[in-house]
Each structure stands twice: as C-alpha cells, then as structure tokens.
Amino acid sequence: MTENQQLVADVWFAVTAQFFDPTFNGLGEDGWRGREREAISAVADSGPDDGEVVTRAISVMLSALNDPYTRYLPREKYEALTAYATGGNIGAGIGVQLLEDPRTQNVMVMATTRGGPADAAGVRSGDVILKVGGESVELTSAEEVAAKCRGEPGTKVDVQILHKSVDDPQNKKQQIESITLTRAKINPNPIEASTFVSAKGRTVGLLRVPSFSTNTVKDMVDGLRSITADNRDGRIDAIAVDIRGNVGGYMPAGVDAAKLFLPARAHIIAEVGRPGSPFKTYDAEGIGADTTVPLYLIVDRQTASAAEIFAASLQDNRRASVVGVTNTFGKGRIQNVQPLGEGGVAVTRARYITPRGRDIHGVGIAPDRVPGGRCGTNDSARACLADIVDEY
C-alpha cells in the first residue's frame, strides 16, 4: 500500500471508529467499506505531489455519509481550524468566518473581522462567496474556500460575492459584486464589554462575544468584572450577551460559558452518540455563577454551534431570554478534530440535546422575544433591547 493509500485508509478508520451514525448513512458496513476501496483505488497511481488528487478521493468517500461536518483537513486547513478554536492568530487572509449551509451547500459569510479587508470592502453576514481567484467555489467546503482566501500579507485576491443579508430573508435585495481584496494579518475579534442606560434609567452590561475559543470564558469573566468596575455604584440591572454572527468554534467553551450563569447541577447539554452508548451530560457547578441578574441573549440566523449550546442551555433553564428576529442557524452536531498525517480529520461523533430534550439540528433556536424595533446584524444591541429591558 502506498503512502497516499495509507492516508485514505487512516481517514476511513478514524471516521469508522467515531461517526455517530452506525449505519453510515444507510450504506451499512459493507457499503462503507466499498467506499474505502474505491478511494484507495483512485489514489493508486498518485505520488507525493498529488495532494489534490488524494484530497478529492477522500472527499468523495466522505460525501457518501451526507454530513458536511465530517471532512478531511489538509495541513493548511487543519492549522487554520485549530488556530481559530484556540483563539490564536489565524494568519493572513481577508477576515471572514465561513460556514457551509447544509441546506443550500453554499459557503456563507457568518461574520467579518472588524477593520479587516472584507469588512472594509462591505462584505457582510449572510453574503455567499461564489468565486475566489476567478474560480467557482460553489459546492465547495468552507475550509477549502477559506484556504483559497489566505495567502501572503499584501497579496491581492479577487472574490465574487452574492450579497444576501440575514436581514433580508426573502432575498429581495440580492446583488452580485466582484471585489479585489488585499490580504492582511488577521486576529480574531476580541470580546467587547460596555454598558448602556435604558430609557427608564436601567443600567445594562453588554458583552459582545464574536466566537468561542479556549480564551472565551476567561475573557467573559474579565468583561463582566470590568462592566461592574466601570459602573459608579457597581450596580448592574441586567446583562446582555450579543452572540449575533457567532458561528461557534470550541464546543467546551460554549458549555463553560453557560456555567457562568447557571446554578449548581443545572443541565447544560447531553451528548448522544451511537445507539446503545451512554449519554454524556454536562452540568453546571454553580461556583461563582451569576444566577440572579436578568440576562438577555441577542441572536440571529448566523448564531451557530457552540453559541447555540450556550443559548439553548440558558433558555431551557429559564435563566435567559433569547432575543432576535429569526431562529438561529441550527447546528446540533459535535465534531472531534484530530491530527492525521500532515493535516487532520473532523468527525461528527455525536448529536446533542438541550436540557429540555430538544434536537435543534436544522431547526435552530426560536427567540423568546422579537424586538418591536430593528434588530438586524448591523443594528446596536441597545436597539435590539430598547422595548424589552424596561419591562421587568
């Protein structure tokens, strides 16, 4: 067996050992084994410089599972994904967070890095990337599109965008635009902490959480402390956490962030793996948690994954009111990402259910409150909460 064939076999084995669906999307063990044989045969004549051939063969094999989140990650994509999850520098690019919409198989812009090349050029949440460097990226994975957008700082890349704002669900304002962007060093958006005073004089502490990484919980704690310290009498009447455009990231951070606001023994989520395997539950410890101050979570259609774990657990425990104009994205699957060869592999190992037994995959979280005024992606949190925070 050649080195490339061994890589195919290793990916197949890693997926076989972990994939949450024991029928392998109805293929059965024999059918799934047959996909491995086909992929191994497809790379039989490939050599050390045929990485694209190997990646394509593995992608075809994995596509049989009909799960866009189970995928092979060549080195560049694996490094970018792990850097994003750990909150590190994600290199030079155009400053977008991308996610493949399994309903349309388009790669959507979920958020932009403030001040980054894409943000400065008017790229917004909800936009769809059609071409990069003159090549179509339709039906291409988010990781592949992200890899095409990265490069040396100062180099240029042509990107074709379909503007589809999350604030325009009927797609009445669609517009295709081709833009040339200059790649730059990109650091993830930081958590922002601030306060505002409502119309009736209530002080609201605001945390803007753009993603979940290994640093998120510490940064949230620091942000909550700064909100209290900056207020003259230390009194906060309500807390709002803005997770619009937050596509998730590091799943344990979503769990640990929920613990900041829940009492001891409150359920957060339960992982459900293969039939017959025990549930893995995540519960709050209640140590140092704020369980009394009114809490609001501002969401939109781009709120996904770990951000949905955070929101659903607080909603189901009746600890927070979810505020928004649409359901969240609806990603209720959990992946394990592990190194393999020079890259890695992401495998959907479980689905999760909320404390009240909901599976939000493909459905999302419905808001408890729909603002009377505007609460689009680019509207302020204060505008979203204007007619809500003064009701209690």
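At what angle do helix 2 and helix 3 pack, and how far apart are their axes? They pack at about 165°, with the axes 9 Å apart. This is a predicted model, in which local features need pLDDT of at least 70, side-chain atom pairs count only at pLDDT 80 or more, and totals for chains, interfaces and linings use all residues. Residues are numbered from 1 along each chain as its sequence is written, and side-chain values use heavy atoms, with hydrogens and water left out.

**Helix 2**
- Helix 2 covers residues 28-42; helices are DSSP runs (H or I, at least four residues), numbered from the N terminus.
- Its 15 residues should span 21 Å at 1.5 Å a residue, and the end C-alpha atoms are 21 Å apart, which agrees. The expected span is 1.5 Å times one less than the number of residues.
- W32, G34, E36, A39 and I40 of helix 2 are buried (under 20% relative accessible area, 1.4 Å probe, protein chains only).
- These buried residues pack against helix 1 (3-18) and helix 3 (51-63).

**Helix 2 with helix 3**
- The angle of about 165° makes helix 2 roughly antiparallel to helix 3 (over 145 degrees).
- W32, R35, E36, A39 and A42 of helix 2 make the contact with V53, A57, M61 and L62 of helix 3 (heavy atoms within 4.5 Å).

**Helix 8 with helix 9**
- Helix 8 (residues 251-259) and helix 9 (residues 306-316) pack at about 25°, with axes 7 Å apart.
- That makes helix 8 roughly parallel to helix 9 (under 35 degrees).
- On helix 8 the contact is made by M251, G254, V255, A257 and A258, and on helix 9 by A306, I309, F310, S313 and L314.

Note on methods: Helix = DSSP H or I, 4+ residues; strand = E, 2+ residues; numbered from the N terminus. Buried < 20%, exposed > 50% of the residue type's maximum accessible area, 1.4 Å probe, protein only. Axes fitted to C-alpha atoms, helices over the stretch in contact; angles between N-to-C directions. Parallel < 35°, antiparallel > 145°, perpendicular 65-115°, else oblique.
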